[in-house]
Amino acid sequence: MSFTVLIPARLASTRLPNKPLADLGGVPMVVRVAQRALQSGTAGRGGMPAVRVVVAGDSARIVAACRAHGVEAVLTRADHPSGSDRLAEACDLLGLPDDDIVVNVQGDEPLIEPLLIDAVAELLLQRPEAAMSTAAHAIDTLADFVNPNVVKVVLDAQGLALYFSRAPIPWWRDGAAQGVTQLPPVAPLRHIGIYGYRAGFLREFPRLAAAPIEDAEALEQLRALWHGYRIAVHVTQHAPGPGVDTPQDLERVRKLFAA
């Protein structure tokens with residue numbers, strides 16, 4: 001069984017305007033992301049490959065840039081409140097059946113590992129009780145553990161998400177008695193922002209009421225948990241390559257491409 005990779009991309013970005021079209025070695029960043037996704041299933045592991053990689057853009061400029069580099073793209077509405085809403089429209093534009101697996105790769109992850117994309121898709125196929133799949137890796141520094149921009153996730157015995165938070169979880173009661181000065185004895189997990197869905201759930205998700213915990217944490221995936229859906233989590237041994245959120249991130253990634 002194969003799957004589709006959808007890459008949401010919008011020009012409006014408060015910290016880095018026109019981010020999808022930022023130049024990385026002569027190629028727009030969103031095209032670099034698609035090129036990585038197109039390597040799905042080619043690592044000799046025998047996994048399920050992506051049958052299609054499509055950028056869902058909010059601007060004709062994004063669509064034109066993708067097509068100029070041989071990347072499939074669809075034009076979606078510019079007023080979507082979230083990437084999930086944009087991908088739901090893309091599912092309709094592409095006519096994807098409800099049981100098709102879709103992997104949401106963020107458009108600012110030009111160093112995304114193709115094996116990670118495959119793993120998230122395969123996990124959802126293996127876990128029919130889950131509506132979504134995602135990924136995480138172990139946190140090994142105190143700075144990341146206490147950083148609210150590093151999202152943490154706690155799992156149950158079956159590898160399903162119990163909760164996502166910007167707070168340092170699991171909270172080590174005894175070790176934190178004098179403030180958070182060391183990691184808890186159970187290795188905390190950093191959430192990686194990649195998601196697998198079945199197309200039918202992706203269509204349904206934007207119609208679910210926003211959850212109070214989602215609004216408090218500013219984490220959209222909490223909406224699924226709040227409504228009783230399960231999220232399976234693939235734990236990888238490797239941290240993902242750096243994403244691009246700020247001009248400083250962009251310069252760092254540009255140096256990596258130049259090297």
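**The second largest pocket and its surroundings**

A: The lining of the second largest pocket holds six nonpolar, four polar and three charged residues. Here Ala, Val, Leu, Ile, Met, Phe, Trp, Tyr, Cys and Pro count as nonpolar, Asp, Glu, Lys and Arg as charged, and the others, Gly among them, as polar. The model is predicted: local features need pLDDT of at least 70, side-chain atom pairs need pLDDT 80 or more, and totals for chains, interfaces and linings use all residues. Residues are numbered from 1 along each chain as its sequence is written, and side-chain values use heavy atoms, without hydrogens or water.

The second largest pocket has 13 lining residues. Nearest its centre are Glu-113, Leu-115, Leu-116, Thr-236 and His-238. Its space is about 200 Å³. (A pocket is an open set of points on a 1 Å grid over the protein atoms alone, with protein on both sides within 12 Å along at least five of seven lines; lining residues have an atom within 4 Å of a point. Points join across faces, edges and corners, and volume is the space filled by probe spheres set on them.)

Two elements each give at least two residues to this lining: helix H4 (114-126) and strand E11 (231-236). H4 gives the most, with three. (Helices, H or I of at least four residues, and strands, E of at least two, are DSSP runs numbered from the N terminus.)

Look at Val-105. Leaving out residues up to four places away in sequence, Val-105 touches Val-5, Leu-6, Ile-7, Pro-8, Val-33, Ile-112, Ile-117 and Ile-194. (Contact means heavy atoms within 4.5 Å.) In soluble globular proteins, nonpolar side chains tend to be buried together.

Val-33 sits in H1, where seven of the nine residues are buried. The buried ones are Met-29, Val-30, Val-31, Arg-32, Val-33, Ala-34 and Ala-37.

Glu-109 also touches Val-33, along with Gly-241, Pro-242 and Gly-243, again not counting residues up to four places away in sequence. Glu-109 is in the loop between E6 and H4. Its C-alpha atom is 9.5 Å from that of Asp-245, although the two are 136 residues apart along the chain.

Now the cysteines. The whole structure has zero disulfides. (A disulfide is a pair of cysteine sulfur atoms within 2.5 Å.) For Cys-66, the nearest cysteine sulfur is that of Cys-91, 17 Å away.

Conventions
On a 1 Å grid over the protein atoms alone, a cavity is a set of points where a 1.4 Å probe fits but cannot get out, and a pocket is an open set with protein on both sides within 12 Å along at least five of seven lines; lining residues have an atom within 4 Å of a point. Buried means under 20% relative accessible area, exposed over 50%, partly exposed in between (1.4 Å probe, protein chains only).
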